[in-house]
Amino acid sequence: MRKYARFIIPAGVIVVALGFLMVNLSSTLVYFNTPAELQAREPSDARLRLGGRVVPGSVVEQETTVAFEVEDCDTSVTVIHTGVPPQLFQEGIGVVVEGVWTGEAFESDTMLVKHDEEYRQDSEDYDEVEHTCSES
Amino acid sequence: MATLVQKKSPVWPWIVMAIAGLVTFVAAMTVPPDAVQGQLSRIMYVHVPSAWLAYLSFGVTMIASGIYLWKRDLEWDRRAHASAEIGVFFTGLAIALGMIWGKSTWGTWWTWDARLTLTAIMFFVYLGYLALRRTTDDMDARAKRAAVMGILAIVQIPLVHFSVIWWQTLHQPPSIIKPEGPDMDTVMVLTLLTAVASFTVMYIAMMVKRVELARLEDAVLIAEQTNTGPAAGEAVVAPDLSGGA
Amino acid sequence: MDYAYQWNWVMFGYGVAYAALVVFASSIAVRVTRARRRLGEET
């Protein structure tokens, strides 16, 4: 009986945790929409995620919002973000923003910086075109 | 049973672990920072080796489990067990370091993307493997059940590793093991490989100690079972230890 | 890019990593010692 009990408790915890993770997994295999996928959608109140690269020169900071363009290879979408962006936020970096699509702009309140797998000492050495277009 | 207990407990693995840890630290602190991530990129040199050791450990568990089922030698079962415990530790460490790296670069401790979710599942499945081993004190039955799970659970490793390529994730794709070759400056690749090599050496040293512990635990179990005698009812058949080192 | 906040994160990460490694290695050492002591008593 003692042996049984010392298995049941961890097994119970593990089964519950696994069940929770499985439920989550089904809704997270597609983590974000690309700008092109977003533009194909109807405007709605549904919360979505949008991922892409911050277009250099497009960032406009205001008191409580930051507006910028997010692009992948050929499409770009205007994002109006309310809140403070993460510290690494800058022009040219990847971001995943969370919010609603109005049809004209993506209004986000949550922003994550998505860095890529390149590591360089000098920023000039980044091959930007290749990795932004391989995403879509 | 005498074969299970080494007269002297080896000390050299502790020294090797310390040196391997030191080499990794020095390498990670002296490499130039990444132009975008800055100093934060240094976390990679301990996060990636931890994740690598998780893969390696579970791979060794699978192979040792297979050899156990083939040879029925409990020494291979002990190796599978030792490696799985080390693997669970490094999976946990990779997740913890990933959270710290994630909070500082992405801006969040955790998010349910495919890579993070699948890694969490892998962690719990191998915890389940360790729990399964506690279901019985019958060494042969325990070894058999664990071996089956140790082999089946390996399917998660390609899932975890390639999740960042197969699905859209927040986590970036692999930097080194990819078809086009590494997307990193040479000095960073070399530093990362140094860290991975040091951690692999650390794994070997840990295995030496953890397998020693597995032998001792089995010896304790045998001693308990022979002392209480057949009245205990369960698992009194002496396991075949002839293959033990 | 040499911000102090970044070094704090790096040190936090390495602190967690090496503390965890020491704890795990110690747990093996303690269990080895305990098992050897039990075997010494029983045989």
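**Exercise 1. Check the length of helix H1 of chain B against its residue count.**

Solution. This is a predicted model.
- Step 1: H1(B) covers residues 12-30, which is 19 residues.

**Exercise 2. Find which residues of H1(B) are buried, and decide how they are placed around the axis.**

Solution. 
- Step 1: Buried here means 20 or more other C-beta atoms within 10 Å of the residue's own. In H1(B), Pro13(B), Met17(B), Ala20(B), Thr24(B) and Ala28(B) are buried.
- Step 2: These residues cover an arc of only 65° around the axis, so they sit on the same side of H1(B).
- Step 3: Recall the helix repeat. An α-helix has 3.6 residues a turn, so residues three or four places apart point the same way.
- Step 4: Now turn to the other side of H1(B). There, Trp12(B), Ile15(B), Leu22(B) and Thr30(B) are exposed.

**Exercise 3. Describe how H1(B) packs against helix H2 of chain B.**

Solution. 
- Step 1: Two numbers are needed. Packed helices are described by the angle between their axes and the distance between the axes.
- Step 2: H2(B) spans residues 44-71. The angle between H1(B) and H2(B) is about 135°, and their axes are 9 Å apart.
- Step 3: Angles over 145 degrees would count as roughly antiparallel, and 65 to 115 as roughly perpendicular. H1(B) is therefore oblique to H2(B).
- Step 4: H1(B) makes the contact through Thr24(B), Ala27(B) and Ala28(B), and H2(B) through Tyr45(B), Val46(B) and Pro49(B).
- Step 5: Sort the contact residues by class. There are 5 nonpolar, 1 polar and no charged.
- Step 6: Link back to Exercise 2. Thr24(B) and Ala28(B) are among the buried residues of H1(B).

**Exercise 4. Characterise chain C and its contact with chain B.**

Solution. 
- Step 1: Chain C has 1 helix and 0 strands.
- Step 2: Its C-alpha atoms fill a box of roughly 65 × 10 × 5 Å along the principal axes.
- Step 3: Chain C has 43 residues, and 23% of them count as buried.
- Step 4: Count the contact. 25 residues of chain C touch 29 residues of chain B.
- Step 5: The chain C side of this contact holds 18 nonpolar, 3 polar and 4 charged residues.

**Exercise 5. Give the order of elements in chain A.**

Solution. 
- Step 1: Chain A has 3 helices and 6 strands.
- Step 2: From the N terminus, they run α-α-β-β-β-β-β-β-α.
- Step 3: Of the 136 residues in chain A, 28% are buried.

Conventions: Residues are numbered from 1 along each chain as its sequence is written. Chains are lettered from A and ligands numbered from 1 in the order in which they are written. This is a predicted model: local features need pLDDT of at least 70, side-chain atom pairs count only at pLDDT 80 or more; totals for chains, interfaces and linings use all residues. Two residues are in contact if their C-beta atoms, placed from the backbone, lie within 7 Å. Ala, Val, Leu, Ile, Met, Phe, Trp, Tyr, Cys and Pro count as nonpolar, Asp, Glu, Lys and Arg as charged, and the others, Gly among them, as polar. Helices (H or I, at least four residues) and strands (E, at least two) are DSSP runs, numbered from the N terminus. A residue is buried if 20 or more other C-beta atoms lie within 10 Å of its own, exposed if 12 or fewer, and partly exposed in between; C-beta atoms are placed from the backbone. The expected span of a helix is 1.5 Å times one less than its number of residues. The arc is that of the directions from the helix axis to the C-beta atoms. Axes are lines fitted to C-alpha atoms, for helices over the stretch in contact, and angles run from 0 to 180 degrees between N-to-C directions. Angles under 35 degrees count as roughly parallel, over 145 as roughly antiparallel, 65 to 115 as roughly perpendicular and the rest as oblique.
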